[in-house]
Amino acid sequence: MAEYDLVCDSCSQTCDPLDAVVTWTADGDSESDFALTHAAHAPTSGPSRIEARRLIWPNEFLAFVNARFGKRIADPEPLRAIVAALAPFVMRHDNAAEVDGMRAASFGAIPGVKPGTENGK
Ligand SMILES: [Zn+2]
């Protein structure tokens with residue numbers, strides 16, 4: 001198992017980010033039962049869900065984390081584990097062009113264009 005492998009909360013096997021989902025139960029301002037699983041091992045009815053392949057985009061990751069603030073989460077430990085497990089994928093540096101493009105886009109900038117140099121804006 002590599003250092004940064006995701007591990008399915010259901011079957012305890014490694015899980016490719018392209019085949020993983022994060023699920024949780026929302027009840028008003030309360031959230032619970034956070035889990036990261038293979039898509040095939042996720043609860044099928046009821047819970048909220050988001051695909052891990054979206055969550056490892058910097059802007060989607062930030063949106064997910066920001067959306068959790070202000071919620072009442074009685075047992076935050078599973079959510080902490082999920083955020084920690086996904087963070088290396090968000091910040092991975094082995095796909096520089098793609099990551100730089102997404103990072104720039106997530107801050108509203110244009111990849112390859114120095115901020116403040118876009119003429120006429
Ligand atoms: Zn699984």
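These questions and answers walk through a predicted model of one chain.

Residues are numbered from 1 along each chain as its sequence is written. In this predicted model, local features need pLDDT of at least 70 and side-chain atom pairs count only at pLDDT 80 or more, while totals for chains, interfaces and linings use all residues.

Reader: In what order do the elements of the chain run from the N terminus on?
Author: Helices (H or I, at least four residues) and strands (E, at least two) are DSSP runs, numbered from the N terminus. The chain has 4 helices and 6 strands. From the N terminus on, the order is β-β-β-β-β-α-α-β-α-α.

Reader: What percentage of the residues in the chain is buried?
Author: A residue is buried if 20 or more other C-beta atoms lie within 10 Å of its own, exposed if 12 or fewer, and partly exposed in between; C-beta atoms are placed from the backbone. The chain has 121 residues, and the buried share is 16%.

Reader: Which strands form the open sheet, and in what order?
Author: Two strands pair if DSSP finds at least two bridges between them. β3 (residues 20–27) and β4 (residues 30–38) are antiparallel over 7 bridges. β3 also pairs with β5 (residues 48–51), antiparallel over 4 bridges. The sheet has 4 strands with mixed pairing, in the order β5-β3-β4-β6.

Reader: Which strands stand at the edges of that sheet?
Author: An edge strand here has a single partner strand, so one side of it is left without a neighbour in the sheet. That describes β5 and β6 (72–73).

Reader: Which residue stands opposite Val22 in β5?
Author: β3 meets two partners. On the β4 side, Ala26 stands opposite Glu31. On the β5 side, the residue opposite Val22 is Ile50.

Reader: Which residue in the hairpin of β3 and β4 takes a positive phi?
Author: Most residues other than glycine have a negative phi. The hairpin has 2 residues between its strands. The phi near 65° belongs to Gly28.

Reader: Is Asp33 buried, exposed or partly exposed?
Author: Asp33 lies in strand β4. Asp33 has a positive phi of about 60° although it is not a glycine. Because 16 C-beta neighbours lie inside 10 Å, Asp33 counts as partly exposed.

Reader: Is Ser12 buried or exposed?
Author: Ser12 sits in the loop between β1 (6–7) and β2 (14–15). Its phi is positive, about 65°, although Ser12 is not a glycine. It has 8 C-beta neighbours inside 10 Å, so Ser12 counts as exposed.

Reader: Are α2 and α3 roughly parallel or roughly antiparallel?
Author: Axes are lines fitted to C-alpha atoms, for helices over the stretch in contact, and angles run from 0 to 180 degrees between N-to-C directions. The axes of α2 (residues 58–68) and α3 (residues 77–90) come within 11 Å and cross at roughly 165°. Angles under 35 degrees count as roughly parallel, over 145 as roughly antiparallel, 65 to 115 as roughly perpendicular and the rest as oblique. The two helices are therefore roughly antiparallel.

Reader: How many residues of the contact of α2 with α3 are nonpolar?
Author: Two residues are in contact if their C-beta atoms, placed from the backbone, lie within 7 Å. Pro58, Phe61, Val65 and Arg68 in α2 meet Leu79, Val83, Leu86 and Val90 in α3. Ala, Val, Leu, Ile, Met, Phe, Trp, Tyr, Cys and Pro count as nonpolar, Asp, Glu, Lys and Arg as charged, and the others, Gly among them, as polar. The contact has 1 charged residue, no polar ones, and a nonpolar count of 7.
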